[in-house]
Amino acid sequence: MARIVYVDKEECISCGLCVDNLPDVFQFDDDNKAEAYDSAGASEEDIQSEAIDQCPSECIHWEE
Ligand code: SF4
């Protein structure tokens, strides 16, 4: 089963990096915080390297 990714919105600084890099996975909510709306929108490897590893707030995580 595919892993589910989520954003800890309390820590998100709305930099836009994850939304820019992977728009099929992340979007901004009405409060301008990122949210993961489709964990299957990119490969796990891309989500890891292009979002999780680059998020300046380290607030993108895999659900355990
Ligand atoms: S990269 Fe991190 S801080 Fe930037 S918008 Fe995405 S979740 Fe928020």
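Residues are numbered from 1 along each chain as its sequence is written, and side-chain values rest on heavy atoms, with hydrogens and water left out. Because the model is predicted, local features need pLDDT of at least 70 and side-chain atom pairs count only at pLDDT 80 or more, whereas totals for chains, interfaces and linings use all residues.

The ligand takes up the space of the largest cavity. A cavity is a set of points, on a 1 Å grid over the protein atoms alone, where a 1.4 Å probe fits but cannot get out. A molecule sits in a cavity if more than half of its atoms lie within 2 Å of its grid points.

The largest nonpolar core has 17 residues. Such a core is a set of buried Ala, Val, Leu, Ile, Met, Phe, Trp, Tyr and Cys residues joined through side-chain atoms within 4.5 Å. Buried means under 20% relative accessible area, exposed means over 50%, and partly exposed lies in between (1.4 Å probe, protein chains only). Val5, Phe26, Ile47 and Ile60 have the most contacts inside the core. Strand 1 (5-7), helix 1 (17-21), helix 2 (44-52) and strand 4 (60-62) each supply at least two core residues. Helix 2 gives the most, with three. These elements are DSSP runs numbered from the N terminus, with helices (H or I) of at least four residues and strands (E) of at least two. In soluble globular proteins, nonpolar side chains tend to be buried together.

Contact here means heavy atoms within 4.5 Å. Beyond four places in sequence, Val5 touches Val25, Phe26, Ala36, Ser39, Ile47, Ile52, Ile60, His61 and Trp62. Ile60 belongs to strand 4 and is buried, at 5% relative accessible area. With residues up to four places away not counted, Ile60 touches Val5, Tyr6, Val7, Cys18, Phe26, Ala51, Ile52 and Cys55. Ile60 and Cys15 are 45 residues apart in sequence and 13 Å apart in space, C-alpha to C-alpha.

The loop between strand 1 and helix 1 contains Lys9 and Ser14. Lys9 counts as partly exposed because its relative accessible area is 31%. Leaving aside neighbours within four places in sequence, Lys9 is in contact with Asp29, Lys33, Ala34 and Glu35. Ser14 is also partly exposed, at 25% relative accessibility. Its phi is positive, about 60°, although Ser14 is not a glycine.

Glu58 likewise has a positive phi, near 50°, in a residue other than glycine. Glu58 lies in the loop between helix 2 and strand 4. Its relative accessible area of 64% makes Glu58 exposed. Lys9 and Glu58 are separated by 49 residues in sequence and by 11 Å in space, C-alpha to C-alpha.

Glu35 is part of strand 3. It is partly exposed, at 22% relative accessibility. Glu35 and Ala2 stand 33 residues apart in sequence and 17 Å apart in space, C-alpha to C-alpha.

Gly41 is found in the loop between strand 3 (34-36) and helix 2. At 27% relative accessibility, Gly41 is partly exposed. Not counting residues up to four places away in sequence, Gly41 touches Asp24 and Val25. Gly41 and Phe26 are 15 residues apart in sequence and 8.6 Å apart in space, C-alpha to C-alpha.

Key: On a 1 Å grid over the protein atoms alone, a cavity is a set of points where a 1.4 Å probe fits but cannot get out, and a pocket is an open set with protein on both sides within 12 Å along at least five of seven lines; lining residues have an atom within 4 Å of a point.
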